[in-house]
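Thanks, everyone; I would like to take a few minutes to walk through one structure, moving from helix packing to a group of aromatic rings. Please have the sequence and the model open while I talk.

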Amino acid sequence: MSAFGLTGKLAVVTGARRGIGRAMARALAEAGADIIGVSANLEETGSDVEKDVTAAGRTFEAIRTDFADPDAVRALGTDLAGRERPVDILINNAGTIRRAPAAEHPDDDWELVLQVNLNAQFALTRAVGATMVARGHGKVIFTASLLSYQGGITVPGYTAAKHGIAGLTKALANEWAPHGVNAIAPGYIATDNTQALRDDPARNNAILDRIPAGRWGNADDLAGATVFLASDAAAYIHGTTLPVDGGWLGR
């Protein structure tokens, strides 16, 4: 099982403060990686994700970055790319969502979601990925979505961004295949972003009725896919978007 091990690797996880990002950081740490956690509101010390990582015996560094600020994202990329210890694994998980009918969807919401969920992802990956290409080693994993395949309801900006992530994954893999660029598409996961859906009885029941697994996913359901794609076990997997959805797309 050594091909799945990440001992000695350094992983950057964006959106690491809670939910899927926290679970990804914890899984990578348990597989042996040290973690740099990045989030807009991440505590400098004492965060839950820091406790997860240190409990696994790995080191943790917190960086607070607002992904809605292009200059802050570029500064983060410059910082990470210029460090003596190189980044081995980049998890592009930071994201946001805004819900409003398309005919009423505000420009500000559209622009915010595209910046956080797509523009920032490319800018950070360009900076860190360039160092991976120069070294001949590295892994990039994006968090895509079921809305990388479907249209959704009242989330046009989120859907456009997540379709963009699926395409960006393929485009970068075409250039950087030896370095491993892939994405994970979570299904309906019980996080803050899906609270509104779970609170709506009609939507909640309709979603559950379509999931063959019969339940909402939880953040830890992403752990195995994250470690796998970050490891040498996935050395010949490039440009793929791996659904972790309880069977939703097969229905």
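Let me begin with a helix contact, in which M24, A27 and L28 of α1 meet A223, T226, V227 and A230 of α8, where contact means heavy atoms within 4.5 Å. Before I go further, please note that this is a predicted model, in which local features need pLDDT of at least 70 and side-chain atom pairs count only at pLDDT 80 or more, while totals for chains, interfaces and linings use all residues. Residues are numbered from 1 along each chain as its sequence is written, and side-chain values use heavy atoms, with hydrogens and water left out. As for the element names, helices (H or I, at least four residues) and strands (E, at least two) are DSSP runs, numbered from the N terminus.

Helix α1, residues 19-30, packs against α8 at an angle of about 55°, with the axes 9 Å apart; the axes are lines fitted to C-alpha atoms, for helices over the stretch in contact, and angles run from 0 to 180 degrees between N-to-C directions. That angle makes α1 oblique to α8, given that angles under 35 degrees count as roughly parallel, over 145 as roughly antiparallel, 65 to 115 as roughly perpendicular and the rest as oblique. By class, the residues of this contact of α1 with α8 divide into six nonpolar, one polar and no charged, with Ala, Val, Leu, Ile, Met, Phe, Trp, Tyr, Cys and Pro counted as nonpolar, Asp, Glu, Lys and Arg as charged, and the others, Gly among them, as polar.

How many of the residues of α8 are buried? Six of the eight are, so α8 is largely enclosed by the rest of the structure, where buried means under 20% relative accessible area, exposed over 50%, and partly exposed in between, with a 1.4 Å probe and protein chains only. The buried residues are A223, A225, T226, V227, L229 and A230, and what covers them includes α1, β4 (89-92), β5 (139-143), β6 and β7.

E175 and A213 are 38 residues apart in sequence and 36 Å apart in space, C-alpha to C-alpha.

Finally, the aromatic rings. The structure holds three aromatic pairs, where rings of Phe, Tyr and Trp (its six-membered ring) pair if their centres lie within 6.5 Å, and planes under 30 degrees apart count as stacked, over 60 as edge-to-face and the rest as tilted. The rings of Y188 and W216 have centres 5.6 Å apart and planes at 85°, so this pair is edge-to-face. Because Y188 lies in the loop between β6 (181-186) and α6 (195-199), and W216 in the loop between α7 (201-210) and α8 (223-230), the pair ties together parts that are 28 residues apart in sequence. Both Y188 and W216 are buried.

Y188 also forms a tilted pair with W248, at 4.8 Å centre to centre and 55° between the planes. W248 lies in the segment after β7 (241-244), so this pair ties together parts 60 residues apart in sequence, and W248 is buried, as is Y188.
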